[in-house]
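Colleague: I am new to this one. Please show me the structure, and then I will ask how you know what you say about it.

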Amino acid sequence: MLSSLRELVQYREFLAQFILQQLKTRYRGSVLGFLWTLLNPLLVILLLSFVFSYINNWDLRTFGLYFFSGYVPFMFFSTATNAGAGVIVGNPFYMTRIYVPRLIFPLAVVAVNGIDLGVGLALLMVLALLVGSPVTAAWASVPVGVLLLALFTAGLCLLFSATTVFLRDFQYLWGNLTFLLFFLCPILYPMERIPPGVRQYLRLNPLLPFLQIFQEAAFYGRLPSAQTVSQAALLAVAAALLGWAVFVRNERRFYLYL
Amino acid sequence: MQATEKAEARRGREVPLEAAAPKIVLENVGVRYKLLTEDQRTIKGRLLGLVSSASSISGEFWAIRNMNLTIKRGDVLGIIGANGSGKSTLLRVISSIITPSEGRCTVSGRLTPLLELGGAFNVELTGRENTFLLGAIYQKTREEMSELLPRIISFSELGPFFDVPIKTYSAGMVARLAFAIFTQLQPEILVVDEVLSVGDEHFQKKSLMRTKKLIEHGSIVVIVSHNLELIGQFCNRAILLSGGRLAAEGRPGEVVARYRRESL
């Protein structure tokens with residue numbers, strides 16, 4: 001494990017270049033370019049807040065902030081893990097024609113999507129100010145949330161990218177599972193509106209403690225409970241160790257399946 | 001250090017204790033592939049494989065086996081053989097892309113594999129951007145690459161096209177850029193797969209000159225080619241692969257002659 005970490009340090013220049021390349025080519029050719037990173041979440045929040053507050057007759061401004069505080073971290077998790085699941089099979093050249101540490105690719109996916117997360121969180125803060133919700137000291141827990149969520153996501157990206165090599169169906173399966181996961185997370189609804197009998201099952205969702213850190217800070221303006229943070233930390237470390245171990249153990253066999 | 005060595009040994013490689021002259025040693029190397037049918041990678045295929053014994057049989061074959069070979073400083077080794085004889089697999093073992101299924105491959109020296117030209121490029125990016133990307137693959141920093149940049153630009157003869165996305169390049173232009181970058185990286189071990197046959201005659205001559213210079217500086221060059229003329233005039237050693245085994249080894253002229261006799 002240490003040796004692959006050391007190798008990663010050796011190849012940090014390539015990691016940086018690969019991330020840069022992904023960012024550069026993403027919006028190349030489009031008129032608005034990098035602005036889309038800002039526009040995408042903005043359009044989603046406008047649309048969904050409007051539709052759902054209309055259906056449920058909720059206050060648009062309150063609901064908008066609530067929705068966005070869960071949507072931003074969820075989208076980071078969802079986009080990164082789905083891109084991560086396909087990143088090894090999507091870059092066969094780097095696996096079969098050349099030697100670079102394979103770990104770089106799933107980790108780069110997390111980094112690239114981390115940019116979007118940063119932009120989304122900045123928008124969230126602006127939104128909080130706009131709707132008159134005080135930006136309190138509780139926001140200090142947001143960086144902790146980002147760190148834990150990124151670690152959790154990186155672990156799953158490693159795990160999923162390796163899984164897809166041996167089982168191609170996995171990335172399509174996961175695409176659908178994340179869609180389901182979206183509705184199982186309290187993003188479009190507050191947890192209190194769910195009957196207690198169902199709620200205890202929804203609490204088993206491993207993504208929940210991560211989302212709560214963001215929702216507590218941005219919407220409720222309070223620090224997350226110690227229990228929430230320790231749950232998230234435990235899950236993040238467990239996912240990272242599992243993903244790393246599975247990936248490193250199997251990477252020499254990738255070649256045979258690509 | 002110890003941890004690294006253990007890890008490297010796991011990968012079937014050994015880390016030299018001191019930086020010695022570049023050297024490649026293959027001891028009894030074998031690479032086994034699985035013959036995968038397309039549906040064995042999917043869930044449906046796996047499930048079917050559990051119930052019907054027919055589809056669960058997956059064949060295996062040895063792409064190379066019992067390979068013993070030592071390549072030393074100053075060697076310009078040509079590898080020849082029919083399609084499917086294991087040439088590319090051998091190159092990939094040497095380039096550390098494949099870990100041998102059995103045996104051991106030890107490489108000391110800075111290795112720059114040049115396999116399938118231009119594949120490492122991102123076609124959306126310009127020649128300049130790709131130069132830095134490729135440099136990073138070989139662990140060069142931005143500063144080091146910036147220093148090499150003028151020579152890469154002049155050697156590639158791309159002129160204004162250097163700052164244009166690669167997708168607009170012709171195949172020859174891509175090859176020129178790749179070759180210009182690779183040789184400027186000053187590799188101790190240059191592994192080349194069918195690249196000297198691309199580009200026009202002028203550029204081929206230039207590449208040959210450049211490669212000759214690398215050899216004079218104590219590099220190892222390993223070339224795979226179907227161009228037997230080139231192997232004959234350019235290499236000082238050749239091996240013939242046949243069915244994944246070492247069929248002949250010796251002076252290029254003799255090995256090429258034997259290959260010609262056998263393939264008749």
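Colleague: What does the accessible surface of chain B come to, and what share belongs to carbon and sulfur atoms?

Modeller: The accessible surface of chain B comes to about 12500 Å². Carbon and sulfur atoms hold 52% of that. Accessible areas come from the Shrake-Rupley method with a 1.4 Å probe, and for residues only the protein chains shown count as cover. This is a predicted model, where local features need pLDDT of at least 70, side-chain atom pairs count only at pLDDT 80 or more, and totals for chains, interfaces and linings use all residues. Residues are numbered from 1 along each chain as its sequence is written, chains are lettered from A and ligands numbered from 1 in the order in which they are written, and side-chain values use heavy atoms, with hydrogens and water left out.

Colleague: What else describes chain B as a whole?

Modeller: Chain B has 10 helices and nine strands. Helices (H or I, at least four residues) and strands (E, at least two) are DSSP runs, numbered from the N terminus. Of its 264 residues, 50% are buried. Buried means under 20% relative accessible area, exposed means over 50%, and partly exposed is in between (1.4 Å probe, protein chains only).

Colleague: What about B:C105?

Modeller: Its closest cysteine sulfur is in B:C235, at 19 Å, which is too far for a bond. B:C105 is at 0% relative accessibility, so it counts as buried.

Colleague: How do you know that the span of helix α7 of chain B agrees with its number of residues?

Modeller: The expected span of a helix is 1.5 Å times one less than its number of residues. Helix α7 (residues 171–184) has 14 residues and should span 20 Å. Its end C-alpha atoms are 20 Å apart, so the two agree.

Colleague: What makes α7(B) mostly covered?

Modeller: Of its 14 residues, 12 are buried. Among them are B:M173, B:L177, B:F179 and B:F182. After the helix comes B:Q186, with a positive phi near 50°.

Colleague: How does helix α6 of chain A do on the span test?

Modeller: Helix α6 (residues 104–130) has 27 residues and should span 39 Å. Its end C-alpha atoms are 39 Å apart, so the span agrees. Just after this helix, A:G132 takes a positive phi of about 80°.

Colleague: Why is the pair B:E102 and B:R65 called a salt bridge?

Modeller: A salt bridge is a side-chain nitrogen of Lys or Arg within 4 Å of a carboxyl oxygen of Asp or Glu. The side chains of B:E102 and B:R65 meet at 3.3 Å, N to O. B:E102 lies in strand β4 (residues 102–108) and B:R65 in strand β2 (residues 60–71), so the pair ties together parts that are 37 residues apart in sequence. B:E102, at 24% relative accessibility, counts as partly exposed. B:R65, at 25%, is partly exposed too.

Colleague: What makes B:R237 and B:E249 a salt bridge?

Modeller: Their closest N and O atoms are 2.6 Å apart. The pair links strand β8 (residues 237–242), which holds B:R237, to strand β9 (residues 245–250), which holds B:E249. B:R237 is at 14% relative accessibility, so it counts as buried. B:E249 is at 44%, so it is partly exposed. Salt bridges with shared partners join B:D75, B:R237 and B:E249 into one network.

Colleague: Why is A:M191 called buried?

Modeller: Its relative accessible area is 7%, so A:M191 is buried. A:M191 sits in the loop between α8 (169–184) and α9 (196–202) of chain A. Contact means heavy atoms within 4.5 Å. Leaving aside neighbours within four places in sequence, the contacts of A:M191 include A:Y66, A:P186 and A:L208.

Methods: Disulfide = S-S within 2.5 Å.
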